[in-house]
Structures are given as structure tokens and as C-alpha cells.
Amino acid sequence: PAIRVIRDARSPKHAMGKTYVQTICLRDGCVAEYVAYHADSWPAVVKSLSHVGITELKIYMSGAEKGAEGAQTRLVMVMQTTDGFDPAVDFAKHTNSSPVVAEWERRMKEFQVPAPEALGHEWWTEMEEVFDLSMQLETADSRTGYKAADAAE
């Protein structure tokens, strides 16, 4: 699937590499097991992720597991990669790196369901960056801000 780079090496004052943010939901009744898998991830999986150019990967969770009635459990993945990382190529390379990694990916997919806003071809849905403090600070002295004049009245 097409994944938009949130930040890359062309962005001023940011570390080299790319940042991707994606979301997906968990099926009902599998939160505890999904969390258990990730609390003690298989070594072959984490080594493969690193090998294909993922330098940092964090998954955050919210929703039904916190007792939010009627809520779906939502995952948000924040991933830092090398500049050369290509999701279309490197995720496939990761999945096919060994039978163990392929089995991990198969099991994780059983827990997941695309987010309601996912396009037909998407599994994990890309998220769009709407705010970057560093970029806002760089230009703070040269702009007034959206509808800031309204707040001053």
C-alpha cells in the first residue's frame, strides 16, 4: 500500500531518516494476547525489522481495552526508518525473510482489522501529520497564526 512519509531528510532541523505513522484496529477479544505477543516479541522478527531499515518502531493502543464502551481498540504505529527504506519493497522483504517472520505476520494479521476509514486496498492506514512543533517554532516570529486576531478581541 502507498504510505506517505511524514518527515524525511529534506525537512530542516530533523534527524536523517523517515517517519511513518499508521493505524489499524484489533478484533474484539484479542487485546490481551496481542499485547502479550508484543511484550515478548520473537527475536527473528525484531532482527528482520531492523535489517530492512526500521530503526525505531512503537505501537500505541487506545479504545475498548480501557473500558470505553462501544469503542474499537485502535492501534497507532510510529515507525522511524533509514532514508533508503521503501515500504513497498522492504515490508515484503521482511515478511519473506524467514518462515518464522512469515508466521508472526500471519498471526498478527489474525488479530487486526482495517480501520473504518481504510481504503479498500489498505491494511494499516496511513495517518497525516497536522502539527509539528519544531516547524511551527521555526516560523513563529514571522506569522500571526490562523484566526489569532479573533482570539485577541
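Student: Which residues have the most contacts inside the largest nonpolar core?
Tutor: A nonpolar core is a set of buried Ala, Val, Leu, Ile, Met, Phe, Trp, Tyr and Cys residues joined through side-chain atoms within 4.5 Å. In this predicted model, the largest one has 20 residues, and Leu26, Tyr34 and Phe111 have the most contacts inside it. Residues are numbered from 1 along each chain as its sequence is written, and side-chain values use heavy atoms, without hydrogens and water. Local features need pLDDT of at least 70, side-chain atom pairs count only at pLDDT 80 or more, and totals for chains, interfaces and linings use all residues.

Student: Which element gives the largest share of this core?
Tutor: Helices (H or I, at least four residues) and strands (E, at least two) are DSSP runs, numbered from the N terminus. Helix 4 gives the largest share, four residues.

Student: Is Thr23 buried or exposed?
Tutor: Buried means under 20% relative accessible area, exposed over 50%, partly exposed in between (1.4 Å probe, protein chains only). Thr23 lies in strand 1. Thr23 counts as buried because its relative accessibility is 1%.

Student: At what angle do the axes of helix 2 and helix 4 cross?
Tutor: Axes are lines fitted to C-alpha atoms, for helices over the stretch in contact; angles run from 0 to 180 degrees between N-to-C directions. Here the two axes come within 9 Å and cross at roughly 100 degrees.

Student: Which residues make the contact between helix 2 and helix 4?
Tutor: Contact means heavy atoms within 4.5 Å. Helix 2 uses Ala44, Val45 and Ser48; helix 4 uses Val100, Val101 and Trp104.
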